[in-house]
Amino acid sequence: MATDRRRPYLRIAEDIRRDISSGRYAVGERLPVTRELAERYGVAMMTIGNALAVLRDEGLIETRQGAGSFVSRTPDDETAGPAPGEHSEEFRIISEQLSEIRQHMNKLTVRLDELDARTRPDQAEKRS
């Protein structure tokens with residue numbers, strides 16, 4: 001079985017999103033409190049806060065100070081998903097990681113070219 005390598009808060013957000021989509025939590029219904037969700041998933045309350053922030057950014061829930069988090073719409077609504085030009089939190093994280101990998105690859109390419117030039121004098125002459 002494949003291991004889910006996503007960050008815990010993204011997995012939890014996906015679980016809650018699925019629960020909203022399946023009707024476990026209806027529009028207007030309050031989600032369980034952060035402490036209860038943290039116990040259910042075996043994570044810190046901050047991790048649950050991050051998961052709820054993802055759902056809030058997607059417009060699936062609204063959080064009211066002192067009252068909790070409430071389902072504002074389902075993922076299946078016509079307005080579901082990021083607006084044009086916007087991307088999910090997971091997409092943003094993966095894009096940042098890809099950018100870092102590209103930077104490292106570019107640095108390695110330069111270093112390999114330098115090493116190649118030093119170890120193959122005939123190649124250095126052809127490049128000049």
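## Basis

The model is predicted: local features need pLDDT of at least 70, side-chain atom pairs count only at pLDDT 80 or more, and totals for chains, interfaces and linings use all residues. Residues are numbered from 1 along each chain as its sequence is written, and side-chain values use heavy atoms, with hydrogens and water left out.

## Overall make-up

The chain has 5 helices and 2 strands. Their order from the N terminus is α-α-α-β-β-α-α. Helices (H or I, at least four residues) and strands (E, at least two) are DSSP runs, numbered from the N terminus.

Of the 128 residues in the chain, 22% are buried (under 20% relative accessible area; exposed is over 50%, partly exposed in between; 1.4 Å probe, protein chains only). The accessible surface is about 9400 Å², by the Shrake-Rupley method with a 1.4 Å probe. Carbon and sulfur atoms hold 51% of that surface. Among contacts with a separation of 6 or more, 51% join residues 24 or more positions apart. Contact means heavy atoms within 4.5 Å.

## Helices α2 and α3

Helix α2 spans residues 34-41 and helix α3 residues 45-57. Their axes come within 8 Å and cross at roughly 105 degrees. Axes are lines fitted to C-alpha atoms, for helices over the stretch in contact, and angles run from 0 to 180 degrees between N-to-C directions. The two helices are therefore roughly perpendicular (65 to 115 degrees).

On α2, the contact uses T34, R35, L37, A38 and Y41. On α3, M45, I48 and L52 take part. These residues divide into 6 nonpolar, 1 polar and 1 charged.

L60 sits in the loop between α3 and β1 (61-64). Its relative accessibility is 2%, so L60 counts as buried. Beyond neighbours within four places in sequence, L60 contacts R17, I20, L55, F70, V71, S72, R73, T74 and P75.

R73 lies in the loop between β2 (68-71) and α4 (89-119). At 10% relative accessibility, R73 also counts as buried. A polar atom of the R73 side chain lies 2.6 Å from the backbone oxygen of E58.

Key
Angles under 35 degrees count as roughly parallel, over 145 as roughly antiparallel, 65 to 115 as roughly perpendicular and the rest as oblique. Ala, Val, Leu, Ile, Met, Phe, Trp, Tyr, Cys and Pro count as nonpolar, Asp, Glu, Lys and Arg as charged, and the others, Gly among them, as polar. A polar contact is a pair of N or O atoms within 3.5 Å; within protein, one must be able to donate a hydrogen and the other to accept it, and residues adjacent in sequence count only if both atoms are side-chain atoms.
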